[in-house]
Amino acid sequence: MIVPLGHVFLLAGLIFAMGLVCLVAHRNLIMTLIGVEVMMNAAAIAFVAAALRWQLMEGQAFVLFILAVSAAEISLGLALVVSVYRRTGSIDPDRYDILKW
Amino acid sequence: MTLYTVIFYVLAIVILGSTLLAITRRQPVHAVVYLIVAFLGTAALFFLLGAPLLAAFVVIVYAGAIMVLVLFVIMLFRLSPREFGLLSEWGPATLLGVVFLAVAVAMVFKDPGSGIVLQGAVAQPRDFGRFLFDRYWLAVEIVSILLFVALVAILQLSKTRERGGNEGEARVNPVENTSEALGPGAGQRSIISNGVKEEIQ
């Protein structure tokens, strides 16, 4: 007997909305990537709660894949940020105008 | 109201509070430190919801590896926190988040299944691992290929600069921009890096 399923989903939804706001509102590429991580975390919480609700281990297996995908995503994203910082000297996406002529 | 219920709500408050603090920081280092707290809370929540192996993985991968990686990358940049504000359109962004949240909450609580109280159960690590490699071994292999592809892509991205050549033109202006934007220290650093580059060549 823990909590109703809806409360766990509500927690996951709140965390996801926070990650969404962080992703959209910041003008720092690292904060954008952090927002994506927060959203992945929310998805993982929802999956674990669903696994417990239906007493199936598939949900937990998918959380493992979410973890791997998010590790690949954050490392590749950070490498892209570093590479673009070397080219333009900034990690503010508003300053990326080297294609403008 | 059992002990587990109390623990769940305490953990929920900790996760929500530290995530809220993390997404409102302007200094990325502070955000990462708050996010480590949020991920540790998530690990405890997974343990409570009957996934001890996933709790260990979250501590190792999220709170350990990924956050340390982000911290190291932040240290590669010379940035002042004043340089970054929020976007000027942060109001609509927050409004969109709130609308999304309202719709999601309405959907969750419209569903009659949301009132079902979760029964405690634990997936033992041994059972979980056997289940995973029994039924999802192909997915595990695909994930390993995905990580390998990411590794190759990162190596390729970090190699392009050392070869120089085709991006020499593009690199001249940014160095000047950096020294203008970030003061004398950055200019000094770019001179040093140019010197090193000449030595290498």
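1. A salt bridge here is a side-chain nitrogen of Lys or Arg within 4 Å of a carboxyl oxygen of Asp or Glu. By that rule A:Glu58 pairs with B:Arg135, with the closest N and O atoms 3.4 Å apart. A search of the whole structure finds one salt bridge over all chains. B:Arg135 lies in helix α5 of chain B and A:Glu58 in helix α3 of chain A, so the pair joins two chains. Helices (H or I, at least four residues) are DSSP runs, numbered from the N terminus.

2. This is a predicted model, in which local features need pLDDT of at least 70 and side-chain atom pairs count only at pLDDT 80 or more, while totals for chains, interfaces and linings use all residues. Residues are numbered from 1 along each chain as its sequence is written, chains are lettered from A in the order in which they are written, and side-chain values use heavy atoms, with hydrogens and water left out.

3. How many residues does each chain give to the contact? Chain B supplies 87 residues and chain A 70 residues, contact meaning heavy atoms within 4.5 Å. The two chains bury about 7,400 Å² between them, 78% of it on carbon and sulfur atoms. Buried area is the accessible area (1.4 Å probe) that two parts lose on being put together, summed over both.

4. Six residue pairs are in polar contact across the interface of chain B and chain A, both residues at pLDDT 80 or more. A polar contact is a pair of N or O atoms within 3.5 Å; within protein, one must be able to donate a hydrogen and the other to accept it, and residues adjacent in sequence count only if both atoms are side-chain atoms. The side of chain B that touches chain A has 64 nonpolar, 16 polar and seven charged residues. Nonpolar covers Ala, Val, Leu, Ile, Met, Phe, Trp, Tyr, Cys and Pro, charged covers Asp, Glu, Lys and Arg, and the others, Gly among them, are polar.

5. α3(A) and α5(B) pack at an angle of about 80 degrees, their axes 10 Å apart. Axes are lines fitted to C-alpha atoms, for helices over the stretch in contact, and angles run from 0 to 180 degrees between N-to-C directions. The two helices are therefore roughly perpendicular (65 to 115 degrees). Residues making this contact include A:Glu58, A:Leu64 and A:Phe65 of α3(A) and B:Phe128, B:Phe131 and B:Arg135 of α5(B).

Key
Parallel < 35°, antiparallel > 145°, perpendicular 65-115°, else oblique.
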